[in-house]
Amino acid sequence: MGGYIVRRLLYTIPVVLGVLVTTFILLRLIPGDPVDLFYLGGQDPSGTVSFVVTPSQQSAYDALRREFNLDKHIVHQFFIYLWDFVRFDFGKSIRSQRPINEIIGDHWPATIQLTLAGMGLALFIGIGAGVISAIRHHTWVDYASQSFAVFGVSIPSFFLGVILVMIFSVGLGWLPAISNGHGKELILPGITLGTAASAILARLMRSSMLDVLSRDYIRTARAKGLRERAVIWLHALRNALIPVVTVAGLAFGGLLTGTVIIESVFTRQGLGLQLIAAITQRDYPVVQGLVMLAALLYAGMNLVVDILYTYIDPRVRLVRASV
């Protein structure tokens, strides 16, 4: 097990490095200089206006560029960025001058709460609806579950969020439209974030469950006189969960990045809202730090999923031990 975990950690290095290089390049391709935009007060988000430096401002202007290594060649900037990342030093914001680790510390709880709420909803509805749909195959329950899955996959999350706000906040006044805490403030953004993932998991769970229920060992279990409930929950469900666990791990990463849109809709003060502001202001260190944090969490979640395989299905453990 230990050797497998080490190998999986080594496999994530090219992925993280690829995200690091891509983020660095794409940020430099966005029009506009971050220091110019800082002096313009963020009044030119298009990046088409350059700041005209007066003689009295030249010293402070040059000092700010040196502080963030913007006076160096782009290749030199990249290796400085790479070295800082290896040391987990994300630097500080150009705009606010706050350390990025401090920004992450202040805003990550709101993002993690929202991600966990969406993931919890996705697992509860997705697995439950998928299992029931497979058991009640070709009944109205199955058709209703499939209709929900099509609806959940098709509707854009930001549009669903606006509709939920119009109904439950503006119309009925049951739930707050602005989400900055937990409890009932997480209900609307959690539903908005988790609907698409729950629909995907429901369809996958239904397909996997139907496949497992048609296997010989399930027929043998039934022939031995086991109750249907035991056949479903003790024999079929565990094997049907293997592909679902894979997609659930990927879905967690998708939900984590999906908070960028949901936090904008509900004005939730999380990392997603900070990322949008940093991109608009060309705040390179903040964008780089937040994107790399998301990449590390995504890679870590995939590692957790691979480890879970060995506990869900012993056959996976045997195969890996023989490799």
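Predicted model: local features only at pLDDT ≥ 70, side-chain atom pairs only at ≥ 80, totals over all residues.
**A chat about a helical chain**

Trainee: Is histidine 138 buried or exposed?

Mentor: Histidine 138 counts as exposed because its relative accessibility is 54%, and the cut-off for exposed is over 50%.

Trainee: And what is phi of histidine 138?

Mentor: Phi is near 65° there, a positive value in a residue other than glycine. Most residues other than glycine have a negative phi. Another positive phi, near 50°, belongs to threonine 267, which follows H10.

Trainee: Let me zoom out. How many helices and strands does the protein chain have?

Mentor: The chain has 13 helices and 0 strands. Of its 323 residues, 38% count as buried.

Trainee: What share of the contacts is between residues 24 or more positions apart?

Mentor: Taking contacts with a separation of 6 or more, 73% are between residues 24 or more positions apart.

Trainee: You mentioned H10. What does H10 span between its end C-alpha atoms?

Mentor: Helix H10 covers residues 228–265 and spans only 45 Å, while a straight helix of 38 residues would span 56 Å at 1.5 Å a residue.

Trainee: Which residues does valine 131 contact?

Mentor: Leucine 237 is one of them, along with Met205, Met209, Ile232 and Trp233, once neighbours within four places in sequence are set aside.

Trainee: Okay, the core. How many residues are in the largest nonpolar core?

Mentor: That core has 33 residues, and those with the most contacts inside it include Val131, Met205, Met209 and Ala236. Helix H5 (100–135), H7, helix H8 (187–213), helix H9 (216–223) and H10 each supply at least two residues of this core. H10 gives the most, with 11 residues. Apart from this core lies another one of 26 residues, among them Leu70, Ile94, Tyr284 and Ala295.

Trainee: What is phenylalanine 252 in contact with?

Mentor: Leaving aside neighbours within four places in sequence, its contacts are Thr115, Leu116, Met119 and Met301. The C-alpha atoms of phenylalanine 252 and leucine 116 are separated by 8.4 Å, with the two residues 136 residues apart along the chain.

Trainee: What about H7? Which residues does serine 169 touch?

Mentor: Serine 169 lies in helix H7, residues 157–171. Not counting residues up to four places away in sequence, serine 169 touches Leu164, Leu175, Pro176, Ala177 and Leu188. Serine 169 counts as buried because its relative accessibility is 14%.

Notes:
Residues numbered from 1 in each chain as written. Heavy atoms only, no water. Helix = DSSP H or I, 4+ residues; strand = E, 2+ residues; numbered from the N terminus. Buried < 20%, exposed > 50% of the residue type's maximum accessible area, 1.4 Å probe, protein only. Contact = heavy atoms within 4.5 Å. Expected span 1.5 Å × (residues − 1). Core = buried A, V, L, I, M, F, W, Y, C linked by side-chain atoms within 4.5 Å.
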